[in-house]
Amino acid sequence: MRIRRLLLTLLLGTLTSGVPGAVASAPPHAAQAAGLGIRLLDAPTDRRTDPRAQIYIVDHLAPGATIRRRVQVSDNTSGPLTASLYVGGATIAGGTFSPAAKGTPSELAEWSTVAPASVSLAARKTANALVTITVPRTAAAGERYGVIWAELPPSKGSGVQEVNRVGVRIYLSIGPGGEPASDFTVDSLQAIRRADGLPEVIAQVHNTGGRALDMSGSLSLSHGPAGLSAGPFPATLGTTLVAGQTEPVTVPLSKAINGGPWTARLELRSGLLRRAVEGLVTFPDHAGGASPPVKPKAVPLYQDKNTVTFVAVTMLSLLSLLLLLVALREWLRRQRAKA
Amino acid sequence: MRKILIGGAVIAIAVAVAQPASAGTTGATFTLSGNSSGLAVSVPADGVNLGSAATGASTLSGSLGTVQVTDTRGSLIAAWTATVSSTSFVTGTATTNETVANALISYSSGTATKGTGQVGAMTPSVGVTLGAPAIAGIWAGTGNNTVSWNPTLSFTLLPSQVAGTYAGTITHSVA
């Protein structure tokens with residue numbers, strides 16, 4: 001009996017076309033940017049020192065306001081590229097910035113236009129596009145998240161099509177008056193030892209301000225066994241917190257760190273906002289173990305710019321006051337001498 | 001005496017001016033310099049073939065092809081998130097048995113390779129289902145980075161899956 005074998009073929013591809021090497025090749029060239037690139041060209045002057053405002057659109061607008069920002073799209077390949085440009089929505093959930101699928105309704109997408117909506121680039125060329133975001137007068141207060149996308153057309157072939165797109169994030173705060181203040185607290189520090197034996201500190205970070213935060217920072221250990229200190233160890237990045245959310249920020253340490261107890265000093269920041277806390281931690285001996293969380297206390301930052309400015313201003317004020325008093329005394333003395 | 005008075009007044013004025021400006025002008029922008037291209041994603045290759053299976057098979061897996069992300073923003077805190085989403089894969093007239101729903105498709109990024117000397121790591125994705133957009137990988141590090149990975153797609157097939165060539169679209173979003 002003839003065995004009928006029906007093949008369930010997923011993806012008919014052209015046999016001769018370059019099926020991308022499934023074998024990992026040499027590490028990619030570090031210096032060149034490949035494919036389709038996008039970057040922000042304009043940033044607000046009053047956020048000049050905020051590192052987040054250099055790579056994302058971060059702004060606060062009153063209802064009825066409009067902002068315009070330019071982006072630059074680049075073709076880093078040796079052939080021509082076409083890209084469609086548009087704004088899509090995004091959400092922040094579980095500590096991650098999650099862009100929405102194309103076509104998902106979003107307020108930010110409705111309020112935005114990108115001109116031109118499509119660019120054709122020759123090899124190694126760039127083109128600028130203008131993104132205009134107009135906030136309606138009836139917009140509710142709060143934050144909106146989105147991405148300015150540069151999207152490649154689908155790959156060719158009669159089977160699997162791939163669409164790659166790359167974008168610049170938008171964190172837009174809407175509300176009358178000034179920007180809501182940003183702030184966060186570290187609710188607890190927990191020392192654990194991972195299944196692979198690496199000690200880790202997990203900090204529960206609570207966004208108590210009015211704007212989303214992208215957390216980064218480092219942890220230092222001091223006053224350890226025999227007076228040892230260690231670190232700083234960088235915190236794992238990628239935690240984005242919406243206002244009101246609490247999410248963990250983890251700091252992996254080194255296997256050379258033994259139990260403790262240690263005084264852990266955690267310094268976290270988002271953009272220009274920085275906070276530091278200290279707590280006593282002891283790491284469990286066995287892999288997979290976790291110590292109970294401890295409540296840390298807030299400590300002042302070293303080289304706090306505000307403190308230095310305040311001290312400098314106070315001292316200058318006192319000095320000028322002293323000089324004026326001396327001048328006044330001189331003048332009175334001369335008045336008395338005349339009389 | 002006059003010199004002391006002037007000295008005191010000058011310092012008093014300097015103190016008044018030295019106060020940090022409380023509110024900048026909104027709307028004023030400056031241009032970011034630098035000739036980097038920001039964040040870039042590779043152009044996918046044409047004609048990807050995920051393979052084939054006999055009818056009655058319960059799963060099918062294949063490699064999608066390398067995705068490469070190049071970040072030349074030079075940020076102290078360099079981070080980007082790659083998200084992946086998929087349509088359903090259909091053949092013929094897309095009836096129930098001619099469809100593999102996107103919730104039955106799972107994506108694993110596999111280990112990512114980064115350029116030599118680059119600081120950071122990509123958290124990979126393992127077996128995430130594509131019923132809704134999912135995280136393909138999250139990069140965290142410092143400075144420029146070039147990261148590539150070759151993801152594997154796994155399809156869970158129905159016992160009644162109809163034979164044919166199935167087509168669909170996988171979208172990678174990097175921001």
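Student: Which residues form the covered face of strand E15 (residues 152-156) of chain B?
Tutor: This is a predicted model, in which local features need pLDDT of at least 70, side-chain atom pairs count only at pLDDT 80 or more, and totals for chains, interfaces and linings use all residues. Residues are numbered from 1 along each chain as its sequence is written, chains are lettered from A and ligands numbered from 1 in the order in which they are written, and side-chain values use heavy atoms, without hydrogens and water. The strand, a DSSP run of E with at least two residues, has an uncovered face with B:Thr152, B:Ser154 and B:Thr156, while its covered face holds B:Leu153 and B:Phe155.

Student: Over how many bridges does strand E4 (residues 59-63) of chain B pair with E15(B)?
Tutor: Two strands pair if DSSP finds at least two bridges between them, and B:Gly62 stands opposite B:Leu153 in E15(B). E4(B) and E15(B) pair in the antiparallel sense, and the number of bridges is five.

Student: In E15(B), which residue is the bridge partner of B:Ser108?
Tutor: Strand E9 (residues 105-108) of chain B also pairs with E15(B) in the antiparallel sense, over four bridges. Within E15(B), the partner of B:Ser108 is B:Thr152.

Student: How many residues does the largest nonpolar core have?
Tutor: A nonpolar core is a set of buried Ala, Val, Leu, Ile, Met, Phe, Trp, Tyr and Cys residues joined through side-chain atoms within 4.5 Å, where buried means under 20% relative accessible area, exposed over 50% and partly exposed in between, with a 1.4 Å probe and protein chains only. Those with the most contacts inside the largest core include B:Leu153 and B:Phe155, and its size is 65 residues.

Student: Why is the pair of B:Trp80 and B:Trp139 called stacked?
Tutor: Rings of Phe, Tyr and Trp (its six-membered ring) pair if their centres lie within 6.5 Å, and planes under 30 degrees apart count as stacked, over 60 as edge-to-face and the rest as tilted. The centres of B:Trp80 and B:Trp139 are 6.4 Å apart and the planes stand at 15°, so the pair is stacked.

Student: At what angle do the ring planes of B:Phe89 and B:Phe155 stand?
Tutor: Both B:Phe89 and B:Phe155 are buried. Their ring centres lie 5.0 Å apart and the pair is edge-to-face, because the planes stand at 75°.
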